[in-house]
Amino acid sequence: MAEVRRYAHGSRVPGWDEAADLSKDPSVVPDPATTPVPEHVRAAITAQMAKYPDIRSAAIPALHIVQREHGWCSPEAIEQAACVMRLTPAYLTAVATFYDMFSTTPKGTHDVFVCTNISCSLRGADAIYEAMLSAAGDDPDFHVTRFECLGACDIAPMASVDGEYVGPLEEADCAQIVDDVKAGREVLPDKQLKKRPKAETYWNS
Amino acid sequence: MSDQLLYANIDEPGLATLDGYSRQGGYEMLRKALQMEPADVLQEMLDSGVRGRGGAGFAMGKKMSFIPKGTMDKYLVCNADESEPGTFKDRELMQKNPHQLIEGIIIGAYCIGANKAFIFIRGEYQHQADVLDAAVAEARSAGFLGERILGSDHTLDLVVHRGAGAYICGEETALLDALEGKRGNPRLKPPFPAVQGLYQGPTLVNNVETLMNVPYILSIGGAEFAKVGTETSTGTKVISISGQIKKPGNYEIVLGTPVREILFDIAGGPLDGRTFKAFFPGGSSAPVLPLTDEVLDLGYDFDTMAKAGSMLGSGAIIVFDDSTSIVDVAYKTAHFYRHESCGKCSPCREGTNWTEKMLKRIKDGVGTPMDLDIIDGVCDQILGNCLCVLGDAMAMPIASMIKHFRGEFEDYMEAKRAEAGLGPAIPQVNRGRQAGPGPMLQPAGIDPVPVSY
């Protein structure tokens, strides 16, 4: 039987002792005078807030904005969003930790989500994930992660590279993806989902 | 009326733009609807009998009729958080024909008297969200959105809201919470969203495909629409076929088409040299059905699938063949639901977690046949005991796999034990009542260990 990994205190919950910044009071809405927010970030978040009857609805869009700005939902990023939205950082942290697309730990700038859900794994996605990991190596710019169903089972096994859906992938494609992203080119132009016609046309032509 | 409503012209170049859509008679039905009374539009929807295409299959017209009359703030929310494994129809529909969705939303909002509408699209669909944003902007500048649409009294504002990756947000009340800027936890029902939904106002939540059917229903009339398909499953359905099959993809079929025709004629049959084993008829939440001759002859519609012990769900067919071990499929399924459980209700949070652990144990070759009984018991305890159906969505397929493929699970375990030189598994002493219902494996002559809670 595999040994259950335990943390200090006997806790089996990872991260229980990773403190948030305890020198600050999480229950206070950040003071605009002491929280510098870049003007374009403030404008983008304010524009989102204006769309909804309740400004709190802009929580997810605001987190998207600050994550794009900072690369991840760092304490500073969340504090900036909280400052503009007049919410507590604790509230936004609670939202950010719920959703898969927000990262509360530092990550690479290029997201590669490899789908390893049922349909893709039936087509060999686990091998693709391993190949993708080794293709990206320890390059800090890449954030390769396995993801639950991305909604593109017709091109299984597939991956989302910075939001661009590509598939069906073969192991050799992984190195190509890394090269394309590094060179700033379009990723695998022949395998992009958005260029694919409907299934009937695709298979019968 | 042809067999294909949504897919016939979907690859028409330029369909995603207002010009292209107008060339095909787009927004004509909106003009027609605005001349009608909202109650007449509702009557057409009721007559059509169109059922929700998102998974639950609830009649759309009925749902609309639950929205109270009056002048309070009402909302229409389009559920585009398509996250059910195996489902990808809304993605293609939104990307290629966004204006038809917008037209459907405007008509729906007019029908219930909503002045604010949202499209909640999952965060991963970045390209599709951009397409929708552009289409909404076009529709707004053409006067289809905004104040006093086409000179009528109807006002509607439409916002495309991007989610951030959570399967649970496809559940309508969790979606509303996420839209209000909270963690996406489901709410206690009742009150249902139709009475108290977004911002406490009456809210109609509908799937993309359902709303895209609205302009068609108006153009041909509800009664005419109801003639297609079977008596209780009207219209056509876009189905997403994936897994180990020759031609995966989205296909539009008339409801009631036999499963055999779908899998063999439309999707090309199994990969070379393999035979089908079983399939999920409606996404990974649907109980699996082994692909026997009887199942292949069933019609693919809401009621037949329910009668066969499964469900049509979102219309996502995932097929697997004889090269795949049922243990792997079960583990992947349980793993997904464990990852996506929001953690609000204990039966689901703990049940998905332990089921995954037990399946992992089986997969690693250290399980015993008793684990199957325990999993079965856990699934039984989850069913119907949570606020939403996420727990059920794991319990149903896992329980069905154990039911249909128990022999394969046991053979797998024995083979793994033999590989490790462990000898045949001896059923362990029943640990007590918590092991759940069903025949327990209990060696003769040994009393069960007394359990004290």
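Which residue in E6(B) is the bridge partner of B:Thr236? I looked this up in the model, which is a predicted one. The partner is B:Val254.

**Entry: strand pairing.** I then took the pair of strands as a whole. Strand E5 of chain B covers residues 236-243 and is joined to E6(B) by six bridges. The two strands run antiparallel.

**Entry: the sheet.** I traced the strand order in chain B and found E6-E5-E9-E7-E8. This is an open sheet of five strands, and its pairing is mixed. Strand E6 (249-254) and strand E8 (289-290) of chain B each have a single partner strand, so each has one side without a neighbour in the sheet.

**Entry: a helix pair.** I checked helix H2 (residues 28-35) against helix H6 (residues 98-112), both of chain B. Their axes come within 9 Å and cross at roughly 5°. Angles under 35 degrees count as roughly parallel, so H2(B) is roughly parallel to H6(B). From H2(B), I listed B:Met29, B:Leu30, B:Ala33 and B:Leu34; they meet B:Glu103, B:Ile106, B:Ile107 and B:Tyr110 in H6(B).

**Entry: chain B against chain A.** I looked up the contact between the chains: 54 residues of chain B and 41 residues of chain A take part. Among the elements of chain B that each supply at least two residues to this side are E5, E6, strand E9 (316-321) and helix H14 (326-340). H14(B) gives the largest share, six residues. I recorded the classes for the side of chain B that touches chain A as 22 polar, 19 nonpolar and 13 charged.

Methods
Residues are numbered from 1 along each chain as its sequence is written. Chains are lettered from A and ligands numbered from 1 in the order in which they are written. This is a predicted model: local features need pLDDT of at least 70, side-chain atom pairs count only at pLDDT 80 or more; totals for chains, interfaces and linings use all residues. Two strands pair if DSSP finds at least two bridges between them. Helices (H or I, at least four residues) and strands (E, at least two) are DSSP runs, numbered from the N terminus. Axes are lines fitted to C-alpha atoms, for helices over the stretch in contact, and angles run from 0 to 180 degrees between N-to-C directions. Angles under 35 degrees count as roughly parallel, over 145 as roughly antiparallel, 65 to 115 as roughly perpendicular and the rest as oblique. Two residues are in contact if their C-beta atoms, placed from the backbone, lie within 7 Å. Ala, Val, Leu, Ile, Met, Phe, Trp, Tyr, Cys and Pro count as nonpolar, Asp, Glu, Lys and Arg as charged, and the others, Gly among them, as polar.
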